[in-house]
Amino acid sequence: MISPSSPTALAELLDSHGAALELYAAQWTNAPADCVQEAFVQLSTYAQQHGVLPTYPSAWLYRVVRNYALNSARAQRRRDHHEQIAARLCKRDANTPTDETEQLLESLEALPIAMREVVVLRIWSGLTWKEIGDLTATSSSSAQRTYASALEQLRDKMEQPCLPNTK
Amino acid sequence: MSAEYKMSAEADLPKKLREIESRLGQLSPLPSEVNRDMLMYQTGWAAAEAQFARPRAWLWPATSAALAACLLLMLSAANLRPSPTPLVDSDTPRADDPLMVSLPRVPRITVPTAKQYPPTATLLVMRDRALRSEFDSLSLSTADFAGGVVDEARNGPATSRELLRELLPARPSATRTQIDWQPWWSRFRSGESS
């Protein structure tokens, strides 16, 4: 159990989950950093009030960030937030994204929100299937099926042949 | 990609799906845009606020409980308290009261009765009754004032002349002098002068 009184505990959580939390919040809002910041402030308040951190602080943070992002999206009524997903992902060993990577990101953005959420959580958050199921209000097996179908859609879009030039 | 994710790599996923998964895993999110120092400051501030807000959470319930306990205690004490005993049982002291025994006996003052006054002397009757302490007690009802003593005083003398006539002893009234006018008249007609 991480001591709630030590600021290093929050700093470690920020270092390990900050980027993924922002990527997760960017699915709904165009101000993901604000959502992550509010979530950490709420975590500090929670720890001070209860004397301990939540049992699973990372899962707790993802849930709070999700709530903040959904509220922010409802307030902003923005529909272009999903474009930030591509802007927030980059290939580790390449500074400029290749065509294949751009196609993969476009396919990811085109996924339905429920599928994209499970993919983001599974690939970049490090949460277990049970935690992902709790977060998305489904069972772990349902989350796995959603994940598999999302990967199938990505593969189909990646393998979709280009339309012939009619000109 | 976490170690747990690698360990639980879906064995049931087809090879093509695992290939897509690995390609996604090669991507990494950009570093966080959160201002670390500002975040640490805000979390510390929030923790301090929560720490100072904690006593207020029990302050008012504790105050209400203490007040309710005091109220219940006072009500129970009021119900269990015996009825107050009177300080004086009776107005007249007992004969065997040591205080009364030690006091010297005062000779009783005899007050003349009202029968000694004429019935028309209402003020004297009233004075007599006052001397006999008939008006000292507060048991006089409005009927007494309406039809008793007040009526007697109301039927008394209305003027000072009547009061003097009532209080002063009656003097014999002067007899009227009878003047015989006949000899004077006859002498007047005859022209005699006195």
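Let me start with a working rule: two residues are in contact if their C-beta atoms, placed from the backbone, lie within 7 Å. By that rule, 32 residues of chain B are in contact with 34 residues of chain A.

A word on what you are looking at, everyone. This is a predicted model, where local features need pLDDT of at least 70 and side-chain atom pairs count only at pLDDT 80 or more, while totals for chains, interfaces and linings use all residues. Residues are numbered from 1 along each chain as its sequence is written, and chains are lettered from A and ligands numbered from 1 in the order in which they are written.

Now the two chains. Helices (H or I, at least four residues) and strands (E, at least two) are DSSP runs, numbered from the N terminus. Chain A has 8 helices and 1 strand, in the order α-α-α-α-β-α-α-α-α. Chain B also has 8 helices and 1 strand, but its order is α-α-β-α-α-α-α-α-α.

How much of each chain is buried? I call a residue buried with 20 or more other C-beta atoms within 10 Å of its own, exposed with 12 or fewer, and partly exposed in between, with C-beta atoms placed from the backbone. In chain A, 42% of the 167 residues are buried; in chain B, 6% of 194. Helix H8 of chain B, residues 181–190, has 0 buried residues among its 10.

On the side of chain B that touches chain A, two or more residues each come from helix H1 (3–7), H2, strand E1 (27–29) and helix H3 (36–80) of chain B. H3(B) gives the most, 11 residues. By class, that side has 16 nonpolar, 9 polar and 7 charged residues; here Ala, Val, Leu, Ile, Met, Phe, Trp, Tyr, Cys and Pro count as nonpolar, Asp, Glu, Lys and Arg as charged, and the others, Gly among them, as polar.

H8(A) brings Ala148(A), Leu151(A), Glu152(A), Leu154(A) and Arg155(A), and H2(B) brings Lys16(B), Leu17(B), Ile20(B) and Glu21(B). That contact has 5 nonpolar, no polar and 4 charged residues.

Next, the core. A nonpolar core is a set of buried Ala, Val, Leu, Ile, Met, Phe, Trp, Tyr and Cys residues joined through C-beta atoms within 7 Å. The largest has 51 residues, and Tyr24(A), Ala25(A), Ala39(A), Val65(A) and Val119(A) touch the most other members. Among the elements supplying at least two residues are H8 of chain A and H2 of chain B. H1(A) provides the largest share, 9 residues. Beyond four places in sequence, Tyr24(A) is in contact with Tyr62(A), Val65(A), Val120(A), Leu121(A) and Ser125(A).

Last, a loop residue. Ala137(A) sits between helix H7 (129–135) and H8 of chain A. Its phi is positive, near 60 degrees, in a residue other than glycine. Is Ala137(A) buried or exposed? Ala137(A) is exposed, because it has 8 other C-beta atoms within 10 Å.
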